[in-house]
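Hello,

Here is the structure we talked about. My notes on it follow below.

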Number of protein chains: 2
Amino acid sequence: MTLVHNFSAGPSAIPKIVIEQIRCDFPNWNGTGMSVIEASHRGKEFKEIAQETESNLRLLLGVPKNYQVLFVQGGASLQFSMIPLNLSASTSVVDYVITGSWGKKAAKEGSKFSKVNIASDSIHSNYTSIQNEEDWRKSANADYLHMTSNETIGGVEYNFIPRAKNIPIVTDMSSSILSRPVDISKYGLIYAGAQKNIGPAGLTIVIIREDLIGKARSETPTLLNYKTYSDSNSMYNTPPVFSWYVAGLVFKYLIDIGGLSKIESLNIEKASLLYEYIDQSEFYSNPVKEDYRSRMNIPFLLKDKSKEEEFIKQSHRAGLVNLKGHRSVGGMRASIYNALEIAAVNDLISFMRDFENNNG
Amino acid sequence: MTLVHNFSAGPSAIPKIVIEQIRCDFPNWNGTGMSVIEASHRGKEFKEIAQETESNLRLLLGVPKNYQVLFVQGGASLQFSMIPLNLSASTSVVDYVITGSWGKKAAKEGSKFSKVNIASDSIHSNYTSIQNEEDWRKSANADYLHMTSNETIGGVEYNFIPRAKNIPIVTDMSSSILSRPVDISKYGLIYAGAQKNIGPAGLTIVIIREDLIGKARSETPTLLNYKTYSDSNSMYNTPPVFSWYVAGLVFKYLIDIGGLSKIESLNIEKASLLYEYIDQSEFYSNPVKEDYRSRMNIPFLLKDKSKEEEFIKQSHRAGLVNLKGHRSVGGMRASIYNALEIAAVNDLISFMRDFENNNG
């Protein structure tokens, strides 16, 4: 099989030029006489790419000076525990807005550590919409308000930033970070697992306002305390060097193509093409309310559910892979992150048209 | 610079044949039409390598049926917290034997969660020896006894397994795992960060006796609970797929060359050559008591400390890199893990001889 179009929700496609660079860097990375996975993280060469990686990410996202960028392990799911341990007391209230599966998981884990108030839960729309902020039942004195910028499984994405007087907004941006410009200063903490728009799994990026660091509960494990990372340039112990290195290559690539404004316009183009095709069709449908449709993850259903298996099989044979929806919801899902080229979306639409013609 | 001999303590050298396989697997891994870092961890192909990786590790180490093998993130340092949270109550006593820097760190973190009894501390020998077990001050009812099989910084390695009636022995085997056969059944829990003898940083292997799983404290974060990994084949959330894949290649390589008995004889040969050379010299010295000298990490000092910088500079120029001792102890250190070939040790000895002749 030659190279495919990979619609996986994560781990997911990585820009071709980055993959080629990785290949070139084995076995002799940067003239060091060894590959990057064999280099000491305390060595001059690795420290240089670590610093450059952070500064390029700051540049791309316009991270303000009073925010730190931390490189953590454990995936976004470990943040579900780290956030309450670092930002709240066991007796205090924390607000969660649930717009899909990941927000629900975050709230469940949060409730092990603090009093969770569900300020809003989109269950009434079967997670195809986001409740108007005026109708949220926010607490007066929550230690933070947690949201999920983009729900990877349901394909629901915020088109606004909640208003919160003096309450830090904490957001899971795993599947939408770097897909568009973002006003970091509106958030207290942003976190994202790497395996969508950043790089290989095993790395989580945390962007945190400095005044929120150093308040962890005394029983917090050292490696779950943000201060540990802040005090050590995220090198308290050996970091996941390979994921860090690839993230650095991805950030450089994004700068080279024109930054987040450029990638946003490409992402709008890709998503619009696919949504427009789905909407004009009687054969396919997307359940999400138009205002809250994700640009990154586009789930779709067949009118005739019995044809789903055949759709997956034939699309795979056509080199369009990982289109199966998440096991919890079924159907199909096309994840079209930054690395997915417009050709991939066009090929998918062609395939969908042919499949409809043959099965409609 | 062509390829070098890499004496780094971790991240460290990886077998050449494995590095070559990684290069071949970009951009098209295993005929999937994508690289391994882009593949879904829930896909058929990745699940297959995950299973094979575990079964090959079990084969190599002879892991008994009543032990589970877990794949965790966060490095050995996260185990310093996970162990007390999973194996002890906050009111109970846990024993630690300190034979160097890592054991000291483990005990310090452990004391955040339980009552730590230091059963032995080699400080009296400046961590160049291990106290006789008869002289340890063990607790009668400790929840576990923690030891460090090989101290990476000091180069001190156990040549015995402590006796412990009904008390699980927990050991940090980060820098000696897979360097020799081991009787797993003598331990309750073995853990090891990947970046020495296993693969790229970002993965920790935990081998745990089944009856020790499922006893975590209620406040344990989900991803710090061994049961979470045991219940999900270590795929509760997205695992560090690249490190997992490389570990699989390393395990296959070890099986191919003849398993742990074969690698042990090679390791004995390499370490003996270097120790013998150091011992016969008046110019170099190793401070560790002969019985407890590490086969993996060999620190050495120059009689004339003022020549150290020159030694590091010249050896680097000769393609012998990362020989600088840990910043906490100074001097030199040659880490000669499994992947270091005997030629590397011979080249190092030749260089040391020349350096002595020119500077002695």
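The contact between the chains takes 55 residues from chain B and 54 residues from chain A, two residues being in contact if their C-beta atoms, placed from the backbone, lie within 7 Å. On the side of chain B that touches chain A, helix H1 (16-24), helix H3 (75-87) and helix H6 (241-257) of chain B each supply at least two residues. The largest share, 4 residues, comes from H3(B). By class, that side of chain B has 24 nonpolar, 26 polar and 5 charged residues (Ala, Val, Leu, Ile, Met, Phe, Trp, Tyr, Cys and Pro count as nonpolar, Asp, Glu, Lys and Arg as charged, and the others, Gly among them, as polar). Of the interface residues of chain B, 98% are also interface residues in chain A, so the copies meet through the same surface.

This is a predicted model: local features need pLDDT of at least 70 and side-chain atom pairs count only at pLDDT 80 or more, while totals for chains, interfaces and linings use all residues. Residues are numbered from 1 along each chain as its sequence is written, and chains are lettered from A and ligands numbered from 1 in the order in which they are written.

Chain A has 9 helices and 14 strands (DSSP runs numbered from the N terminus: helices H or I, at least four residues; strands E, at least two). Of its 360 residues, 52% count as buried (20 or more other C-beta atoms within 10 Å of the residue's own; exposed means 12 or fewer, partly exposed in between; C-beta atoms are placed from the backbone).

In helix H7 (residues 259-280) of chain A, the buried residues are Leu260(A), Ile263(A), Asn267(A), Lys270(A), Ala271(A) and Leu274(A). They cover an arc of only 100° around the axis, which puts them on the same side of H7(A) (the arc is that of the directions from the helix axis to the C-beta atoms). They pack against elements of chain A including helix H2 (44-61), helix H6 (241-257) and helix H9 (342-359). The face turned away from the buried side carries exposed residues, among them Ser261(A), Glu269(A) and Gln280(A).

Regards
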